[in-house]
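User: Hi! I have a structure open and would like to talk it through with you. Could you help me find my way around?

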Amino acid sequence: MRVLLLEDDPRIGANIAGALELAGFVVDCERDGEIGWYRGDTEAYDAIILDLGLPTLDGLTLLKRWRKAGIFTPVLILTARGNWDERVEGIDAGADDYLAKPFRLEELTARLRALIRRSVGHASALISVADLTLDTRQMRLSVGGMPVSLTPQEYRLVAYLMHHQGRVVAQTELVEHLYHQDFDRESNSIEVLVGRVRKKLGSDVIQTRRGYGYIIGGEAA
Ligand code: CA
């Protein structure tokens with residue numbers, strides 16, 4: 001899962017990015033409102049964390065612009081404590097959740113996971129398909145109740161396909177959601193990654209739809 005973090009305070013930004021990377025997210029950080037708006041407009045993110053006080057373009061205006069342009073990526077806004085009118089305005093402008101500063105990084109991570117899950121139709125932190133169970137809180141995968149050890153990249157691949165189970169996901173979409181924006185998108189790393197996961201989970205768990213992409217939880221091709 002790839003997240004855009006717009007926060008102009010470098011210390012807070014680094015803390016959040018560090019916690020989210022540890023929790024299995026790929027994080028792109030920006031400090032400037034206009035640049036952040038452009039990123040959200042042109043890149044594919046699973047969620048966006050938006051500080052409302054940003055230089056060059058404030059968070060509320062930025063959010064309204066995205067929504068007006070038809071960008072419906074889930075957005076969690078960071079607001080000043082006690083500033084209830086800011087929160088109301090943020091939600092009216094199209095925010096999906098908010099957190100008041102200061103907050104616990106654990107709470108931010110949990111809210112973000114829930115936001116992403118719900119945006120693709122999963123109510124629970126446990127996501128299952130066939131005999132696979134993904135525990136998004138623990139970042140663990142089990143097959144038939146037995147835990148499987150995955151590298152962070154392998155986990156991200158399986159988690160993305162399980163969140164979007166039953167849908168064929170193109171290789172380009174996987175590259176966009178599994179790697180940072182400066183990643184070499186022409187490489188064959190997704191094929192390699194899928195091959196490694198198949199060795200661990202069995203060859204039929206991730207199915208290939210030739211010319212289209214990959215799917216978990218589809219009918220046999
Ligand atoms: Ca700020």
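**Salt bridges, sheet and metal site**

Analyst: Happy to! Let me begin with one side chain: Arg67 has a relative accessibility of 14%, so Arg67 counts as buried. Please keep in mind that this is a predicted model.

User: Okay, which residue does Arg67 meet in a salt bridge?

Analyst: That is Asp96, with 3.0 Å from N to O. Arg67 belongs to helix H3 (residues 59–68) and Asp96 to the loop between helix H4 (84–92) and E5, so the pair ties together parts that are 29 residues apart in sequence.

User: And is Asp96 buried or partly exposed?

Analyst: Asp96 counts as partly exposed, because its relative accessibility is 41%.

User: How many salt bridges does the structure hold?

Analyst: There are 14 salt bridges in the structure. One of them joins Lys101 to Glu7, where the closest N and O atoms are 3.0 Å apart. Lys101 sits in strand E5 and Glu7 in the loop between E1 and helix H1 (10–22), so this pair ties together parts that are 94 residues apart in sequence. Glu7 is buried, at a relative accessible area of 4%.

User: Which residue does Glu154 meet in a salt bridge?

Analyst: Glu154 meets Arg196, again through the side chains, at 3.0 Å from N to O. This pair links distant parts of the chain, with Glu154 in helix H6 (residues 152–163) and Arg196 in helix H8 (residues 189–201), 42 residues apart. Glu154 counts as buried at 2% relative accessibility, while Arg196 counts as partly exposed at 35%. There is also a network of salt bridges that links Arg2, Asp28 and Glu43.

User: Switching topic: in what order do the strands of the open sheet come?

Analyst: The order is E2-E1-E3-E4-E5, 5 strands with parallel pairing. Strand E2 (26–30) and strand E5 (97–101) are the edge strands, each pairing on one side only. From one strand to the next, the twist averages 20 degrees.

User: Which helix packs on the sheet, touching E1 and E2?

Analyst: Helix H2 (residues 33–42) does, and its direction makes about 160 degrees with that of strand E1 (2–6).

User: How many bridges pair E3 with E4?

Analyst: Strand E3 (residues 47–51) and strand E4 (residues 75–80) pair over 4 bridges, in the parallel sense. Leu50 stands opposite Ile77 in E4.

User: What about E10 and E11, do they run parallel or antiparallel?

Analyst: Antiparallel: 4 bridges join strand E10 (residues 206–209) to strand E11 (residues 213–216). Here Gln207 stands opposite Ile215 in E11. The hairpin of E10 and E11 has 3 residues between the strands, and Gly211 takes a positive phi near 85 degrees.

User: Nice. Last topic: which residues are the protein donors of the calcium ion?

Analyst: They are Asp8 (OD), Asp51 (OD) and Gly53 (O), at 2.2 to 2.4 Å from the calcium ion. Along the sequence, the donor residues are spaced D-x42-D-x1-G.

User: Why does Asp51 count as buried?

Analyst: Asp51 counts as buried because its relative accessibility is 6%, and the cut-off for buried is under 20%. Gly53, at 46% relative accessibility, counts as partly exposed.

Definitions and conventions:
Residues are numbered from 1 along each chain as its sequence is written. This is a predicted model: local features need pLDDT of at least 70, side-chain atom pairs count only at pLDDT 80 or more; totals for chains, interfaces and linings use all residues. Side-chain values use heavy atoms; hydrogens and water are left out. Donors are N, O and S atoms within 2.8 Å of the metal (3.2 Å for Na, K and Ca); water is not among the atoms, so sites may look incomplete. Buried means under 20% relative accessible area, exposed over 50%, partly exposed in between (1.4 Å probe, protein chains only). Two strands pair if DSSP finds at least two bridges between them. Helices (H or I, at least four residues) and strands (E, at least two) are DSSP runs, numbered from the N terminus. Axes are lines fitted to C-alpha atoms, for helices over the stretch in contact, and angles run from 0 to 180 degrees between N-to-C directions. Contact means heavy atoms within 4.5 Å. A salt bridge is a side-chain nitrogen of Lys or Arg within 4 Å of a carboxyl oxygen of Asp or Glu.
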